Amino acid sequence: MENVLITGAAGFIGFHLSKQLLADGVTVTGLDNINAYYDVSLKEARLAIIEEYDSFSFTKASLEDREVIDQLFRDNSFDLVVHLAAQAGVRYSIDNPHVYVSSNVMGFLNILEGCRFSKVEHLVFASSSSVYGANRAMPFAVHHNVDHPLSLYAATKKANELMAHVYASLYDLPVTGLRFFTVYGPWGRPDMAYFKFTKAIFEDEPIEVYNEGNMKRDFTCIDDIVDGIVKVMRSIPVVNTSWNAETPDPGSSESPYRIYNIGNNKPVALLDFIGILEKEIGKPVKKEMLPMQPADVVETYADISDIQRDVGFNPAIDIQVGLKRFVEWYREYHNV
């Protein structure tokens, strides 16, 4: 692992992963279009930190720009690619569907083609817990069927998993997909609920709590996420010799393809989560209880037994510790 391409390098997860790899002596090329889906200044601040490393280079471009992506692969010899760039957001996809297909489907195709022709040793890409959709079997396991997404965002992530399998099968490209579960922490995304809650509490504004607060999420600290990604990067998938085509397992394949959940494996009730934030910030918040939103789900809960077994991933950051770190960062970054 000497030369790595990270797409979405100015994003939340991409920034933290880039910083870790650079600190470990890896040469990192970052790709990001710095779009305005959320505060551009936050993305620029993240980027400024990793640009201090001599072994980091950056290309500002969109995934859909096929010529730029092709040239990027031609000009470099990447050992590994970690594809984190995407149009994020479940609710945003309801009003802006075309953006999701353009970035998440066409953009991913360009990355797959680049990996194919440059013979990348391992492609790791971001999927999402949202692919479980209408599934209510808990905990969510990679061996479950995920054919009932509830948002176009989730559908594009499922499409990414299918596309990746095709390339693993046709071109023997080793591919691993990671289904992230509600990632939080310092330098996080302002469109995420925990960030909005924190902002509202500091500004003495009410918060919107959906489904009357009867929700649970498998909140996963960014530190654990980065640890898991790095472990997966070093574990190149191979053919599963026990895979049975008559009873096909969705989580593996007779091709060099794997899917993993990467979560905390400890769902937290939403109201308890808000209570921890109130305690860390030091004041209560007024809650506006609202009904369930379209495309939302009541609970997420990651079965992480496969990633534990295969790469030794074990989340270590408790929710109280993780939220304390986030609030400390928020105070410093926003000077409040």
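User: Which residues make the nonpolar surface patch of about 270 Å²?

Analyst: Keep in mind that this is a predicted model. Here the patch of about 270 Å² is built from Val 166, Leu 170 and Tyr 171. Tyr 171 belongs to helix α6, which covers residues 152-171.

User: Is Tyr 171 buried, exposed or partly exposed?

Analyst: Buried means under 20% relative accessible area and exposed means over 50%, with partly exposed in between. Tyr 171 has a relative accessible area of 35%, so this residue counts as partly exposed.

User: Now the salt bridges. How many are there?

Analyst: The idea is a side-chain nitrogen of Lys or Arg within 4 Å of a carboxyl oxygen of Asp or Glu. In this model the count comes to 14 salt bridges.

User: Could you start with Glu 113 and Arg 116? How many residues apart are they in helix α5?

Analyst: They sit 3 residues apart in helix α5, which means about one helical turn separates them. Arg 116 has a relative accessible area of 26%, so Arg 116 is partly exposed.

User: What about Arg 189 and Asp 191: buried or exposed?

Analyst: Both of those residues are buried. They form a salt bridge too, and the closest N and O atoms of Arg 189 and Asp 191 are 2.6 Å apart.

User: Which residues are linked with Arg 309 in a network of salt bridges?

Analyst: Asp 306 and Asp 310 are linked with Arg 309 in that network. For the pair Arg 309 and Asp 310, the closest N and O atoms are 2.7 Å apart. Arg 309 counts as exposed because its relative accessibility is 57%. Asp 310, at 31%, counts as partly exposed.

User: Let's turn to the backbone. Which peptide bond is cis?

Analyst: As background, most residues other than glycine have a negative phi, and most peptide bonds are trans. In this model a cis peptide bond joins Met 138 and Pro 139, with omega at about -5 degrees. You'll find Pro 139 in the loop between β5 (122-128) and α6.

User: And phi? What is the value for Lys 119?

Analyst: Phi of Lys 119 is near 55 degrees, a positive value in a residue other than glycine. Lys 119 lies in the loop that runs between α5 (97-118) and β5. With a relative accessible area of 69%, Lys 119 is exposed.

User: Where is Asn 211 found?

Analyst: Look in the loop between β8 (207-209) and β9 (216-217). Asn 211 has a positive phi as well, near 55 degrees.

User: On to helix packing. At what angle do α7 and α11 pack?

Analyst: Angles under 35 degrees count as roughly parallel, and 65 to 115 as roughly perpendicular. Helix α7 (residues 193-202) and helix α11 (residues 319-334) pack at about 60 degrees, and their axes are 11 Å apart. That angle is why α7 is oblique to α11. As for handedness, α7 passes α11 in a right-handed crossing.

User: Which helix holds Lys 324?

Analyst: Lys 324 is in helix α11. At 40% relative accessibility, Lys 324 counts as partly exposed. This residue also shows how sequence and space can be read together: Lys 324 and Leu 277 are 47 residues apart in sequence, with 8.0 Å between them in space, C-alpha to C-alpha.

Terms used
Residues numbered from 1 in each chain as written. Predicted model: local features only at pLDDT ≥ 70, side-chain atom pairs only at ≥ 80, totals over all residues. Heavy atoms only, no water. Patch = residues over 30% accessible without salt bridge, like charges linked within 9 Å, V, L, I, M, F, W, Y side chains within 5 Å. Areas by Shrake-Rupley, 256 points an atom, 1.4 Å probe, with all protein chains shown as cover. Helix = DSSP H or I, 4+ residues; strand = E, 2+ residues; numbered from the N terminus. Buried < 20%, exposed > 50% of the residue type's maximum accessible area, 1.4 Å probe, protein only. Axes fitted to C-alpha atoms, helices over the stretch in contact; angles between N-to-C directions. Parallel < 35°, antiparallel > 145°, perpendicular 65-115°, else oblique. Left-handed = near helix turned anticlockwise from the far one by under 90°.
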